[in-house]
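Here are my notes for anyone opening this one for the first time. Have a look at the picture, then work through the points in order.

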Amino acid sequence: MTKLSHMTSLPIAAATSIGAVHLSVTDAERAIRFYGQVVGLTELSNAGGSVAFGVAGRELVVLHPGASRSVVQGSTGLYHLAIVVPSRKELARVVARLDRLGYSHSPTDHVMTKSDYLWDPDGNGLEIYAETPEVGTWTFDDGNFAARDAGGALRSGRDPIDMRILMSELSVDDDLDAPMPEATKMGHVHLHVSDLDAAINFYHDIIGFDVMGVAPSFGVGFVSAGGYHHHVGLNIWAGAAARPAPAGSAGLRHFTIELPTQDDLDDVVDRLAKASTASEGLFVQDPSGNLMKLSSSSGSR
């Protein structure tokens, strides 16, 4: 594996965020039912061979039917997309709905977040989470990941959620089928990569994200903008030197990095050009073949 160099680079704009994640799926109707009825997103458009889901007119997940096979395990690509809801109550609504539907899921207490994990019918991973920074934090000491509660006690960060406490957020008349609220957004993406150091170097040195922590013993690293715990997670859990999935597979088509202004976008594009990074227009490949699209959410300053 290449060694972390962390050459000096300008940090990406602090207000940078993750936008829509585009996925290849095999069966359009099955995927539409999942992202609408199971996840709780609102269908925004269905035209031109793709189906967009989101909230308040803002795209979060865009489906592209026509894949010939489900997600291929052991490949680079999406580990999960992560939708953040604005409160524990909204997370409880999702968890209760999944229970009622009998859909397999894994509510997990990460201390600083409360998360639920599930997979769409093609094997694309999803995390739905609520921020709980008042409960504790994550640390990376001597290359190891750890979680500590607000009192400083060590926690695994992977315990099951206390369902009694979470379900107390709901009342008997709460509508479990209510769509995700307007404040819902894409919190982060977590990617399978083939070389952790090379991926960290790319997202830090070239794109400009801050390195929030790297745990080689876990095979994972996190990068972000503006001090967020992570906008992009990176892992080698698909295996060292894993390769992209074969053509025609379900999985990640691309994810979106949203810069706050056109000027911020231009700064990143300039760095990519100077680094001779593989790109086509605003579409850029990381060293593992994961594709992203750069965009700006407003005009120039």
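1. One term before we start: a contact, or touch, means heavy atoms within 4.5 Å. Leaving aside residues up to four places away in sequence, Thr 132 touches Arg 88, Val 111, Met 112, Thr 113 and Lys 114. You'll find Thr 132 in the loop between β8 (125-131) and β9 (136-141); strands here are DSSP runs of E, at least two residues, and helices are runs of H or I, at least four, numbered from the N terminus.

2. A word on where this comes from. This is a predicted model, in which local features need pLDDT of at least 70 and side-chain atom pairs count only at pLDDT 80 or more, while totals for chains, interfaces and linings use all residues. Residues are numbered from 1 along each chain as its sequence is written, and side-chain values use heavy atoms, with hydrogens and water left out.

3. Is Thr 132 buried or exposed? Thr 132 counts as buried because its relative accessible area is 0%, and buried means under 20% (exposed is over 50%, partly exposed in between, with a 1.4 Å probe and protein chains only). Across the 301 residues of the protein chain, 51% count as buried.

4. Now the whole chain. The protein chain has 5 helices and 21 strands. Its radius of gyration is 19 Å, close to the 19 Å that the globule rule gives for 301 residues, so the chain is as compact as a globular protein of that length; the radius is taken over C-alpha atoms, and the rule is 2.2 Å times the number of residues to the power 0.38. Along its principal axes, the C-alpha trace spans about 60 × 50 × 40 Å. Of the contacts between residues at least 6 apart in sequence, 70% join residues at least 24 apart.

5. Not counting residues up to four places away in sequence, Thr 108 touches several residues, including Thr 113, Lys 114, Tyr 117 and Asp 159. A polar atom of the Thr 108 side chain lies 3.0 Å from the backbone oxygen of Ser 106.

6. Next, the open spaces. A pocket is an open set of points on a 1 Å grid over the protein atoms alone, with protein on both sides within 12 Å along at least five of seven lines; lining residues have an atom within 4 Å of a point. The largest pocket holds about 560 Å³ of space. Of its 35 lining residues, Thr 76, Gly 77, Leu 78, Gly 251 and Leu 252 are the closest to its centre. β5 gives the most to this lining, with 6 residues.

7. What about the second largest pocket? It holds about 360 Å³. Among its 20 lining residues, those closest to the centre are His 110, Tyr 117, His 190, Phe 222 and Trp 237. Elements that each supply at least two lining residues include β13 (185-192) and β15 (220-224).

8. How many cavities of 30 Å³ or more does a search of the whole structure find? The search finds 1. The lining of the largest cavity includes Glu 90, Arg 93, Met 180 and Pro 181.

Key. 1 Å grid on protein atoms, 1.4 Å probe; cavity = no way out; pocket = protein on both sides within 12 Å on 5 of 7 lines; lining within 4 Å. Points joined across faces, edges and corners; volume = space filled by probe spheres on them. Polar contact = N/O pair within 3.5 Å; in protein donor to acceptor, adjacent residues only side chain to side chain.
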